[in-house]
Amino acid sequence: MAPVKTRLATVWLGGCSGCHMSLLDLDERLLDLAGRIELVYSPLTDVKLFPEDVAVTLVEGAVCTDEHLELAGLIRRRTGLLVALGDCAVSGNVSAMRNGLGGAWPVLQRVYGEAAAGAGPGEPGLLPRLLDEVLPLHQVVPVDLFLPGCPPPADLIHAVLLDVLEGRRPDLTGKLRYG
Ligand code: SF4
């Protein structure tokens, strides 16, 4: 009988995708992981709905929109081990720089100028709405593991995934850095 694979999801909230690029930097180690992991949701796949019973979810990016807020809650309910991957998920980082502008509307005005009126909320549910404040993941849902770095190094992501696959709680003492 084939070994049971660990159900892994990766999620891209308000980030630059650099944390996912770091994940892909595992290179040939991905082939080994592919034999042990079932990737059930990710920007790297075409799955539209976050599934049930996910063992581990890596979340890149901060919570920036109402859509992110809703997805974060769903992920938390359906995930065993929730990992904040990278400085944006851990602290807000670059994504939270707009918080200094004082809300969603000033941001839209700053970006779109006079056209900002057309970039407003519009029909409810049609487009994600910016939150007035960008939030790190742990301010929205409980997080089990914080993996800072901008992005976190591929070697560190690999070490954490191996620990999780082998049933160990990752020991990140002395291995973490921001930026
Ligand atoms: S932590 Fe850095 S690399 Fe990761 S999404 Fe944020 S800005 Fe991009």
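## Surface

How much of the accessible surface of the protein chain belongs to carbon and sulfur atoms? In this predicted model, carbon and sulfur atoms account for 57% of an accessible surface of about 9700 Å². Buried residues make up 45% of the 179 residues in the chain.

## Fold and dimensions

The protein chain contains 6 helices and 7 strands. Read from the N terminus, the order of these elements is β-α-α-β-β-β-α-β-α-α-β-β-α. The radius of gyration is 17 Å, close to the 16 Å that the globule rule gives for 179 residues, so the protein chain is as compact as a globular protein of that length. Along the principal axes, the C-alpha atoms fill a box of roughly 60 × 35 × 30 Å.

Contacts can also be sorted by sequence separation. Of the contacts between residues at least 6 apart in sequence, 80% join residues at least 24 apart.

## Charges

The protein chain carries 22 negative and 15 positive side chains. The centres of these two sets lie 3 Å apart.

## Cysteines

A disulfide is a covalent bond between the sulfur atoms of two cysteines. A search of the whole structure finds 0 disulfides. Cys19 has a relative accessible area of 10% and is buried, because buried means under 20%. Cys150, at 42% relative accessibility, counts as partly exposed, because that class covers values between the buried limit of 20% and the exposed limit of 50%.

Key:
Residues numbered from 1 in each chain as written. Predicted model: local features only at pLDDT ≥ 70, side-chain atom pairs only at ≥ 80, totals over all residues. Heavy atoms only, no water. Helix = DSSP H or I, 4+ residues; strand = E, 2+ residues; numbered from the N terminus. Rg over C-alpha atoms; globule rule 2.2 N^0.38 Å. Buried < 20%, exposed > 50% of the residue type's maximum accessible area, 1.4 Å probe, protein only. Contact = heavy atoms within 4.5 Å. Areas by Shrake-Rupley, 256 points an atom, 1.4 Å probe, with all protein chains shown as cover. Lys, Arg positive; Asp, Glu negative; His and termini not counted. Charge placed at Lys NZ, Arg CZ, Asp CG, Glu CD. Disulfide = S-S within 2.5 Å.
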